[in-house]
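Dear colleague,

I am passing a structure on to you below, and after it you will find some notes on what turned up in it. Please keep the structure open while you read.

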Amino acid sequence: MNKYYIFIICYAALISTQPQVPANAQTQQRSAGAEASSGLVEEMSEQAKKIDIEVRPVSSIEIPEHEAASFEMNFDKVPDIPPELTQNVTVDAYTRYVDVDGQRIAQLVLSRVRKGERAEALTTENFYSQFQIKEPALDSTKDVIVEGDHAELLAALTRLVVDEEKGTNTAESNEHQNVGGDENSKRTESVGSNSGGNEDAAAYTTPEPIITEDEPPYVFTVDVLTDGCPIRVDIGQLTAFQQSKVITNDNGQKTETPCEDSNAQYPLERSYASCSDRVDLDARLATAQYQLYYTGPGGERVTAQDCVDDEDKTYEIVEQHDGCAVYLDYASYQAVPLATLAYLNDVNATVEVRGCETSESKAAVPLVPTTDGCTIRHAFNEELSYQQGRYQYTLEGVTWDAGSCIDNGTTYSHVPTFTDEGGRRVCEPIVNESSQRVTQQYRLRITVDDVDSYITECRPATGNLAIQSTTDGCTDPATWDHDISAGLSYNKIREYYMRNGAREYINECITGTQTYSHNLELAGWLTDDGSLTAQRLHKISINTPSGQYVISESELLSGASAEPYVRDRVKQELTGDSTYEGCAAIRATRNIAVYNRPDESEYLKDEGVGTPVREGNICQESNAGYKSYKVGEEATCSQQNHNDTSTITVFRYDLVRVASKVVVTNGETSAVVSTTYTWAGSASRSGATSSSQTDAICDHVSTGVNMYGGFATPPAW
């Protein structure tokens, strides 16, 4: 393959600097600074010497990847060349394909033309084509258009015809006509010779041809690559710079520059979603933190700096009392307020940083004993009544009960009372007409805070009548007295005496002396989600001679304590809102605190914005096409010697690079995340022109490569 020059197109990275190309025996580089401000040529115009040659494979072939394969083609249509010159002419060609951004790019060059045993070589860089294919194959029924040099092709085809008419071998003819001359002069003289009329030439016996290897073509390429070059992050400029290096291949002599900043730059942005706030409990201050990142090639998110404080976003940590019960310290008879520590962040979400502990802003208040809301418990068999009481405390003007009513140690004696202070009977006497006897009645009295109060109905005193009592007719517990505060129920009785062998009832059902203690069973909870507390509900019953009687199925006892919910965990729920950092999706969440109620159910409390959830790449990448740009110029010189004179031909080429455009879009919003422009391959020749001079030599002509500046990366389009 070293006989033929195959143009290779491969990925090229962003370009940052313009290299200087050293001079050699064939080319001399013009100053890199010359014409550095030359304008872009987006689409190369057809040159006067370039033609579109239509050729077709002799048979269908598969196109290999990377390694070029040789095959034969036929001319179909060649502009501005007589058809008789292309008849029965076979074209030798080479082809392969390369993969560029997922697209197959076929490359094809013409290397020579043949007719029978005669052949003429073509300068391959002057006859090449590059096109996109779906399948790696060339169909023998379809034409391929190859841009070629008209003058060179016409000369080669003409030599084939001239050699055919002479009936000589091309190689032998050239060798005979150009002994002692260079290759270019041999070819020129062969085309223009008139040996048919020269007896000396006709009598000359052609020696065996000297077989020599073709000199490999001169190769000059300039590539700008990012391979091995890092992205430099400049925090001061809030920019990340892609670095690149320049690799120059001057006919096998490679040089490489150090990595330097290129034109590819990525702005640094802040991400608060990636960092948690920094909490300083001692200073009672929370500070927001952010992370610097940039969206690199392909839309990926790259962290440029770890989390740092944002001094402009600070939040005061304060106490919050909601959800915290008051601690009742009976040892010191104090009610101690509790509080959490929390702050409100910049999205008005409450962030708790400490659970319920003793409040610093609310002082403890005393537990004050009181009988308010509590009754007096009567123990008739003891002839005493017991005062019940409990504690209360007052916070911010509101008085709260602390616990249930219990005996507080104060007792009151039962006093039978027949007359009041004015001497009047408190009860009417019972008169037995048959015996003409009178029985007095009384009521039991107690004195509370110098105030007398009766605790029983009228009942007969012992004496003249044999008074008896019965529960007959008073057994229904629904009619009994139920003191829920005291936890007691009092039965009912009726009193009577016997008259003529029958009962004579002296009263209806009145409160008896038999008491029944209340049975308490948990019957659920009265929940208060606002205060995050619950109070016990009880089923109250008594055991009567006739069985159990339920006083209340669900009763909130006076002074029932408020028991706090237990904070179990915090879970996050997606809100459905999303933001984006490059190709990463940031899903918004809410913090949901899960509390266990005393009844073992759960209460979910919305506590505001939660930690965002980051998802991976949600972007789509697509190739938006290719575009050609003129990035430099090249000049070469060919010299033909004629005895004491010489003719030179100067060939001038435009150096063209193909740029690829890749667009990355958000797969959910279709917004463009990034657009990347890269070079797809090295600079190649295009649009050749030539001019000839006589009595001149190549040493006196300026040749070489001039690469324009400003092409570190392809221009945007």
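**Aromatic pairs and their surroundings**

Phenylalanine 418 is partly exposed, with a relative accessible area of 34%, whereas tyrosine 442 is buried, at 17%; please bear in mind that the model is a predicted one. The structure holds 13 aromatic pairs, and phenylalanine 418 and tyrosine 442 form one of them, a tilted pair with 5.4 Å from centre to centre and 55° between the planes. Because phenylalanine 418 lies in the loop between β29 and β30 while tyrosine 442 belongs to strand β32, this pair ties together parts that are 24 residues apart in sequence.

Tyrosine 565 and tyrosine 603 form an edge-to-face pair, with their centres 6.1 Å apart and 65° between the planes. Tyrosine 565 sits in the loop between β43 and β44 and tyrosine 603 in strand β46, so the pair links parts that are 38 residues apart in sequence; both tyrosine 565 and tyrosine 603 are buried. Ring pairs also join Tyr629, Tyr677, Trp679 and Trp717 into a cluster.

Charged side chains meet rings as well: the charged end of arginine 494 sits over the ring of tyrosine 505, 3.8 Å from its centre, and arginine 685 lies over the face of tyrosine 653, at 4.2 Å from the ring centre.

Finally, there is an open sheet of 3 strands in the order β19-β22-β23, with antiparallel pairing, in which β19 and β23 are the edge strands. Strands β22 and β23 pair over 6 bridges, and alanine 342 has glutamate 352 in β23 as its bridge partner.

Conventions
Residues numbered from 1 in each chain as written. Predicted model: local features only at pLDDT ≥ 70, side-chain atom pairs only at ≥ 80, totals over all residues. Heavy atoms only, no water. Pairing = 2+ DSSP bridges. Helix = DSSP H or I, 4+ residues; strand = E, 2+ residues; numbered from the N terminus. Phe/Tyr/Trp six-rings, centres within 6.5 Å; stacked < 30°, edge-to-face > 60°. Buried < 20%, exposed > 50% of the residue type's maximum accessible area, 1.4 Å probe, protein only. Lys NZ or Arg CZ within 6 Å of the ring centre and 35° of its normal.
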